[in-house]
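Hi,

Here is the structure I promised to pass on. Have a look at it first, and then read my notes below.

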Amino acid sequence: MLIPIGFFAASGGAAAGSYDLLATEILTSSQASVTFSSLDTLAAGYQHLQIRMVARATFSNVERTFICRVNSDSGNNYDHHGLFGTGSSVASYASTSQAKIDLGSFAANNAALGAFGAGVMDILDPFETSKYTTFRTLSGAQTTPHITLRSGLWMNTAALTSIEISEPTSNIAAGSRFSLYGLKASA
Amino acid sequence: MPTPTYTAIATITLASTDSEIVFSSIPATYRDLVLVVKPIVSTTAFGQIRFNGVSTSSYSWVYAYGDSGGAGSVASSNTFIDANAMNTNFQGIYQIMDYSATDKHKTVLHRTGDLTANYVVMQASRFASTAAITSINFFVTSNTFNARTTLSLYGIEA
């Protein structure tokens, strides 16, 4: 069945305000990190956040692991664990009291030209000051090959004010894209 | 200024059996697409995806799975993306990232599971083309989709 959808896309529209695009950064040149800041104003009124990303590192390898820190906290205040497949095996790990959260593997400079990795990270209750903030990321890059599901925990009840994503040993390549979305609770 | 997004582009519910469903003329309005698949099949069917009608060896993937026999991981390539085997209780969500970008290959992240075949899968796939995706062919082999099979396509702005 063939469904031409140009008409529907042109005439349709989103239900107002439950899942909103808050900010997007598309790199026109490589840079060390991407930061979404001033979340107390940028994401005011939202219950949860989501970051959707398509990225590549400049490191001379086929893949690199991107990391995340929040509120400029580089102390050993993060736990994270993951389940991943490499195309030949599956494995899991758990790390406590770390200085960052691992997001997963993305393509790097030696991967096929034009190949990137992708990830979708959900950040739950980032502004609730009675809870630690939790993160869940599905990410992968066929070029590595690597598919991962990771969880992270920031052991601080402070509301999030910033989220920094980086590849700690090199830069994030031009063409990479990071988009921040807010999800509202019901009225 | 927040921009409401996650727009329902099209939903197809089959009125009769079919082996292929095509979304065509996909506008470049959005940045990501999300394809939600809830099929009805009588016995095992093997789901496959092609973009822009491309049937050359432009597709590759890596997945990790868990089933009643254990867990494992597979990497492969073919003339389509393996959308995973479907049985009577399958569900799948496919995130087609940066589909409208013309400076990169296309990455698809998906999660599927089937409660009859007793497995769960997470997968990353690559369509080695920098062309914007304007059509999606979702088809099955070894079987057909039954009536009431539903595929829904959503667009997310960035």
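Lys104(B) lies over the face of Phe116(A), with 4.9 Å to the ring centre. Arg64(A) does the like with Phe59(A), at 4.0 Å from the ring centre. A charge counts as sitting over a ring if NZ of Lys or CZ of Arg is within 6 Å of the ring centre and within 35 degrees of the ring normal.

Before you go on: this is a predicted model, where local features need pLDDT of at least 70 and side-chain atom pairs count only at pLDDT 80 or more, while totals for chains, interfaces and linings use all residues. Residues are numbered from 1 along each chain as its sequence is written, chains are lettered from A and ligands numbered from 1 in the order in which they are written, and side-chain values use heavy atoms, with hydrogens and water left out.

Next, the rings. How many aromatic pairs are there over all chains? A search of the whole structure gives 10. Rings of Phe, Tyr and Trp (its six-membered ring) pair if their centres lie within 6.5 Å; planes under 30 degrees apart are stacked, over 60 edge-to-face, and the rest tilted. Tyr19(A) and Tyr181(A) make a stacked pair, 5.1 Å centre to centre with 25° between the planes. Tyr19(A) is in strand 2 (residues 19-26) of chain A and Tyr181(A) in strand 13 (residues 177-183) of chain A, so the pair ties together parts that are 162 residues apart in sequence. (Strands are DSSP runs of E, at least two residues, numbered from the N terminus.) Tyr19(A) is buried at 9% relative accessibility, and Tyr181(A) is buried at 0%; buried means under 20% relative accessible area with a 1.4 Å probe, protein chains only. Together with Tyr6(B) and Tyr154(B), these two tyrosines form one aromatic cluster.

An open sheet of 9 strands runs in the order 7(A)-6(A)-11(A)-10(A)-9(A)-4(A)-13(A)-2(A)-1(B), with antiparallel pairing. Two strands pair if DSSP finds at least two bridges between them. Strand 7 (90-98) of chain A and strand 1 (3-4) of chain B are at the edges with a single partner strand each, so one side of each has no neighbour in the sheet. Strand 4 of chain A is joined to strand 13 of chain A by 7 bridges, and Arg52(A) stands opposite Ser179(A) in strand 13 of chain A.

Strand 3 (residues 33-36) of chain A pairs with strand 12 (residues 163-166) of chain A, antiparallel, over 4 bridges. There, Val34(A) has Ile165(A) as its bridge partner. Val34(A) and Phe36(A) are on the covered face of strand 3 of chain A, and Ser33(A) and Thr35(A) on the uncovered one.

Last, the pockets. A pocket is an open set of points on a 1 Å grid over the protein atoms alone, where a 1.4 Å probe fits, with protein on both sides within 12 Å along at least five of seven lines; lining residues have an atom within 4 Å of a point. The largest pocket has a volume of about 540 Å³. Among its 28 lining residues, Arg136(A), Leu138(A), Leu149(A), His110(B) and Arg111(B) lie nearest its centre. Strand 10 of chain B gives the most to this lining, 5 residues.

The second largest pocket holds about 170 Å³, and its lining includes Phe46(B), Tyr63(B) and Asp82(B).

Enjoy exploring!

Conventions. Points joined across faces, edges and corners; volume = space filled by probe spheres on them. Buried < 20%, exposed > 50% of the residue type's maximum accessible area, 1.4 Å probe, protein only.
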